[in-house]
Amino acid sequence: MWNVTDWQKVVFSDEPRFVLGTDDNRVRVWRCPGERYNSSHTVLRHTARTAGAMVWGVITYDSRSTLIVMRGTLTGQRYVDDILRPHVRRFLNGLPGAILQQDNARPHTARIAQDFLRHFQTLP
């Protein structure tokens, strides 16, 4: 069981996309089994990409990184070149005993990203 001291070592990272409008093109519906294509749960909508911005950043118990604006699609290679190498390495090296947390987004689980991160402690 982890205590407060253990959690204070965790560096939480994420790269959310902020939509610059009223609609993020996501539809959330609660339905019963077997109702997947019930017409009352179907909405016709415009599916063009909406204006927005994706940023990356980390927070810890007592610090945070600057937000990095990301353009285009984030691939494993771009994650290493644009995020891990220039920002995460420097941030983690400044925090002895730090443990990086990231979700299982495809760029995070890409072999190139996993190879880079083997030099750092990460949450499983």
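Analyst: Helices are DSSP runs of H or I with at least four residues, strands are DSSP runs of E with at least two, and both are numbered from the N terminus. H108 is in helix 3, which covers residues 106-109. This is a predicted model, in which local features need pLDDT of at least 70 and side-chain atom pairs count only at pLDDT 80 or more, while totals for chains, interfaces and linings use all residues. Residues are numbered from 1 along each chain as its sequence is written, and side-chain values use heavy atoms, with hydrogens and water left out.

User: Why is H108 called buried?

Analyst: Buried means under 20% relative accessible area, exposed means over 50%, and partly exposed lies in between (1.4 Å probe, protein chains only). H108 has a relative accessible area of 1%, so H108 is buried. Leaving aside neighbours within four places in sequence, H108 is in contact (heavy atoms within 4.5 Å) with residues including E15, Y79 and Q114.

User: How do you know that T60 is buried?

Analyst: T60 has a relative accessible area of 14%, which is under the limit for buried. T60 is found in the loop between strand 3 and strand 4 (68-70). Not counting residues up to four places away in sequence, T60 touches V10, V11, F91 and L95.

User: What makes the pair of R78 and D82 a salt bridge?

Analyst: A salt bridge needs a side-chain nitrogen of Lys or Arg within 4 Å of a carboxyl oxygen of Asp or Glu. In R78 and D82 the closest N and O atoms are 3.1 Å apart, so the pair meets the rule. Both residues lie in helix 2 (residues 76-93), four residues apart, about one turn of the helix. By this rule the count comes to three salt bridges.

User: Why is the ring pair of W2 and W7 called tilted?

Analyst: The structure holds three aromatic pairs. The rings of W2 and W7 have their centres 4.7 Å apart and their planes at 55 degrees. Rings of Phe, Tyr and Trp (its six-membered ring) pair if their centres lie within 6.5 Å, and planes under 30 degrees apart count as stacked, over 60 as edge-to-face and the rest as tilted. The pair of W2 and W7 is therefore tilted. Ring pairs link W2, W7 and F12 into a cluster.
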